[in-house]
Amino acid sequence: RGLFRSGSIRDNRVRGVIRSEMVSLIKECVEGDPVAAEFILLHLISHIYGRKDEIMAIGKFAVNLTKCPNKSSGFVDCLSTLFSSVSEKTFLLPLTISNLNNSTLIPVLCVDTTAY
């Protein structure tokens, strides 16, 4: 995000190459699906620009992927690795019955790090 906004990458050809490389990398994770790759890239570069009533985030582009391959295909591990390599705030929560029933799925502010 910062590179594009700060003007560090002014040449559109360079931006196009970076975008193409990112889409290619994401397509490897989503078994070659170019539409899913584009949506995931949009999700990665979107950000929250405000909050309503301290609860609802305004501005984040959400993505829901359906009909994903089973766990043994490496799909989840590939996306998790990709997200953690390009984002500092990534956490993989397995969607098990136990986790869904027993976990608190609401972010809590950590005062020591001012992070959620």
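Residues 24 or more positions apart account for 29% of the contacts in the protein chain with a separation of 6 or more. Contact here means heavy atoms within 4.5 Å. The model is predicted: local features need pLDDT of at least 70, side-chain atom pairs count only at pLDDT 80 or more, and totals for chains, interfaces and linings use all residues. Residues are numbered from 1 along each chain as its sequence is written, and side-chain values use heavy atoms, leaving out hydrogens and water.

The protein chain has 5 helices and 2 strands. Read from the N terminus, the order is α-α-α-β-β-α-α. Helices (H or I, at least four residues) and strands (E, at least two) are DSSP runs, numbered from the N terminus. Of the 116 residues, 14% count as buried. Buried means under 20% relative accessible area, exposed over 50%, and partly exposed in between, with a 1.4 Å probe and protein chains only.

Turn to the helix pair α2 and α3. Helix α2 covers residues 12-29 and helix α3 residues 34-45. They pack at an angle of about 115 degrees, with axes 9 Å apart. Axes are lines fitted to C-alpha atoms, for helices over the stretch in contact, and angles run from 0 to 180 degrees between N-to-C directions. From α2, Arg19, Met22, Val23, Ile26 and Lys27 meet Pro34, Ala37, Glu38, Ile40, Leu41 and Leu44 of α3. This contact divides into 8 nonpolar, no polar and 3 charged residues. Ala, Val, Leu, Ile, Met, Phe, Trp, Tyr, Cys and Pro count as nonpolar, Asp, Glu, Lys and Arg as charged, and the others, Gly among them, as polar.

Next, the second largest pocket. Its lining consists of Val30, Glu31, Asp33, Ala36, Leu65, Thr66, Lys67, Cys68, Pro69 and Phe75. By class, the lining residues are 6 nonpolar, 1 polar and 3 charged. A pocket is an open set of points on a 1 Å grid over the protein atoms alone, where a 1.4 Å probe fits, with protein on both sides within 12 Å along at least five of seven lines; lining residues have an atom within 4 Å of a point.

Pro94 sits in the loop between α4 (75-86) and α5. Pro94 is partly exposed, at 44% relative accessibility. Its C-alpha atom is separated by 9.7 Å from that of Val76, 18 residues apart along the chain. Leu105 lies in the segment after α5 (97-102). Leu105 counts as exposed because its relative accessible area is 52%. Not counting residues up to four places away in sequence, Leu105 touches Leu93 and Leu100.
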